Amino acid sequence: MKKWFVMLLCALFVFPCATIGYASNGGAETELVSATKKEKKKKAPKSMSKRQWEKRKKKAAKKGGGMTPTMIPLKSNGGSPVKMLSKGEPMGYDQFIKKPGIKTVKSTFITLHKVDGKVYFEFPKKYLGREMLIAATVTESSDPELLMVGYKNQKPMHVKFEILDGAVYMRSVNARVMADPSESKMQSAADKNFIDPLESRFRIEAYNRDSSAVIFDMTSLFMGKEKALNPVPKQVGQYGITSQPQSNLSFLGDIKAFDDNLSIETCMTYDFTLKYAMFSMPIGNMTAKITNSVLLLPEKKMKPRVSDTRLGVFLTNKEYLSSKKDGIQPFTYANRWRVEPKDMEAWGKGELVEPVKPIVWYVDTLFPDLWLESIKNAVLKWNLAFEKIGLKNVMQVKEFPKNDPNFDPDNLKYSCIRYLPAAVPNAMGPSWVDPTTGEIINATVIVYNDIIKLINNWRFTQTAQIDPRVRTKKMPDDIVKETMTYVISHEIGHTLGLMHNMAASHAYPVDSLRSATFTQKYGTTPSIMDYARFNYVAQPGDEGVRLTPPELGVYDYFIIKWLYSPISGNLSVNEEAKILERWVDEKAGDPLYRYGRQQTQARYDPSAIEEDLGDNAMKAGDYGIKNLKYILKHLSEWLQDDPDFSHRSSLYGNIANQYLRYISNAAYNVGGIYLTTVKEGTKGKTYEAVPREVQKEAMQWVIRQMRNCDWVDDRSVLDNVGLNIGMASYIRQSVMSMLINLSANVVLSSYISDKPYSVANYFDDLYNGIWESTIKGRALTAGDRQIQRLAVASTVETVKAMTSGDRRRICLTNVYTPSVDEIVLYGLDESGIVAKYLDEFRKFEWEEGRGSVMSEMVKFGSGYGSQAPIDITAIDERTGFYYNMLEKVTRLVKSRVNTANAMDKAHYQSILVMLEAAKK
């Protein structure tokens, strides 16, 4: 089989080239004509049998032509075109452009021809070897949740074109490995071992009149199965997606060509299949109009900036080859725009100067009018940070021009903010770079329609206790503008190269968030790149307190300085890196400048999570819970324009989820480990267990909230939202599952600590907290009974999984992995699919184990990556503690069952039945 495969490859490369030939003569192509004399008898090529050769000759004779003609070079005729001599050879340019129905768009870059459902490049030879980006953007869509208008699902192709062996080849540029330029041997080794791989081959169809450009058919790239131009995501949340283009339902659209870029529209239909674990589900066809862009990269590259792991920036990965260090050294460039002062001398004198090339944003005019002003302000606010480093008017914003034939929002040439009318409460801001240097070439901000719904929920649930303006079904215009500006500013931050910084909000003391003086100066967080939303700590009567994040935080100003501040002296990349490193050294140990990576696959650090405020989760939670109780009490009073109670029902669910976040924020302290990237010789520790007194306080606080969460079941609300059992039971169930699994976190946290909150401490606190009323001989509340049942059931299931080789065991030893409920609570699934099918995923997780859904998901961004889950099997001694706790529960319940009231007696008897069944 392998032999035949090799022969087939040989045939593919040999036969097309046999019919094409030209020779150089002083830079002009030599005209070729068929021999007029009788052809000499030719022998069969070695690559085919005599029988195949005879068959081929007969077939050619029937078509009125002989075999491949003998080619006789003539004298140069001053650059005349190569004529079409037989099938497979280049034709004359005039013959080509006179094809019936041909459409041509000319440019100084690549001229495009469209004819017979095909698109041809007229490619100037001067651009051979030049680097380009090719990308596909969705222009129109039949399903905006999967095929998002304005979005580039795949990274652009980084390519160049060459003429080799009589054909045009497209190479993928191999930009990952670099060699020390001062070492010629290393450079030669890199040149030979990391060549640019060939990706596609295109037959030459013709040359232009002066032979300065070559014409070839590019249809297969844009209309075929090129994965890099497939607009369909490979994965949405935890779902895998396979898609196949339907050729009979796809066709070419409009073509455009400009001085350094071009656009080719295609209308593509794809057959979709959704896959999850072992299951697959066909979901039919979806159609999209796609704009395929080809953008010429500048020959003079931007000077790159080596990244620093102590700052949260998007990255371009590299490898460095040098004899000065053993092994190939991995490193990264920081992704950033090419922002250079027009007048470096004036900038050096401290004057504000404009950039050579500003960052221009085009805003979709389809946005609701109310949003447009906020979106523009969100872009321009980042000029505050650029002005701090001596640059003005860096960020510019325009609406989509109405009558500009050159403008195309879907072309890589333009960075746009797009409106997507889909029921997704989200926005996002991806960008695309030159892989050689990390220069950001293009960015897009996608704003879904239902972001307005999210804004409504945030402001009411987090600030209605203190802000009368939000106590309404529909937010007033000033609230929408204020909140929309924050949302878009955050996304623009991503497009400037900034990653999430989830540690920022932990820098502020909780009580400072109740201070008007402090919050008016600093807002709620040192960085808007955190998910620190609105001031849920502020209490009714806290006058003058700011409820929103700052316009930009001190961390945001610093990271813009680090990314974009010019450095005088024409220094090398490595010399600049040393200066930049010193800037970060100066901030080491200052919590305002600490970077906390977003934690998805494993959530170790309670100081770097989403949706929290302040440096003490329990104290912030107490303030927040007081506010939620106040809001819930007044819900019906404030929202009377809601005849079917649908809005109140939605807000009730949000109040319950907000409460669950407060509990989860505190629970992360149990077994928590602070993680910080630290450079040797500077302040800070790479990892450090949360102090044991904080873990103990958090454990007791969480159990207390579980026992006392019945306030959530406010009958004045529940009686009007349909048949239900209230949210308190769901909260207890979710928290108990989390609490039982925290034992694995405690194993690792105590292992690294000098003064640990031990596994024994954890089990003592768990037992004493859950069984407190029974231990003290008190009558049980409904909440007591529920958490006791849940505790026994969860413990029994955990022990069974740990001791029976259950496939869920891995989820018990790979610690800190978030559950389905945590994914939804903290927005870890940007697609929204987990939330949409929450019940189904809860069932799946129950069967496969906690964290099984998250393990299938992909994380956002290309940063330094989060701490991976750690397998604690080698140090795990929990099984004995679980058995011991069940034995203690058995003895306790037996001692109380006979003296308990009727309700409690029945409860205790059911507990004993559960324990007895577990033993068997």
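Trainee: Which residues have the most contacts inside the largest nonpolar core?

Mentor: A nonpolar core is a set of buried Ala, Val, Leu, Ile, Met, Phe, Trp, Tyr and Cys residues joined through side-chain atoms within 4.5 Å. Buried means under 20% relative accessible area, exposed means over 50%, and partly exposed lies in between (1.4 Å probe, protein chains only). Here the largest core has 166 residues, and Met-395, Ile-417, Ile-492, Leu-496 and Tyr-564 have the most contacts inside it. Helix H19, residues 728-752, gives the most to this core, with 12 residues. There is also a second, separate core of 56 residues, which includes Val-138, Phe-216, Leu-252 and Ala-257.

Before going on, note that this is a predicted model, in which local features need pLDDT of at least 70 and side-chain atom pairs count only at pLDDT 80 or more, while totals for chains, interfaces and linings use all residues. Residues are numbered from 1 along each chain as its sequence is written, and side-chain values use heavy atoms, with hydrogens and water left out.

Trainee: What does Leu-496 touch?

Mentor: A contact means heavy atoms within 4.5 Å. Leaving aside residues up to four places away in sequence, Leu-496 touches, among others, Trp-337, Phe-386, Ile-440 and Leu-563. Two of the core residues named above, Met-395 and Tyr-564, are also on its list.

Trainee: How much of the chain is buried, and what share of its contacts links residues 24 or more positions apart?

Mentor: Of the 920 residues, 53% are buried. Among contacts with a separation of 6 or more, 72% join residues 24 or more positions apart. The chain has 28 helices and 28 strands; these are DSSP runs numbered from the N terminus, with helices being H or I of at least four residues and strands E of at least two.

Trainee: Why does Thr-461 count as buried, and which backbone oxygen does its side chain reach?

Mentor: Thr-461 counts as buried because its relative accessibility is 4%. A polar contact is a pair of N or O atoms within 3.5 Å; within protein, one must be able to donate a hydrogen and the other to accept it, and residues adjacent in sequence count only if both atoms are side-chain atoms. Thr-461 sits in helix H9 (residues 451-463), and its side chain reaches the backbone oxygen of Asn-457 at 2.8 Å. Its contacts include Leu-628 and Gln-658.

Trainee: Where is the pLDDT below 50?

Mentor: pLDDT is the predictor's confidence in each residue, from 0 to 100. The chain averages 84, and 86% of the residues score at least 70. Over residues 807-813 the pLDDT is below 50, and this stretch has 26 contacts in the model beyond near neighbours in sequence. The pLDDT also stays under 50 over residues 858-862.
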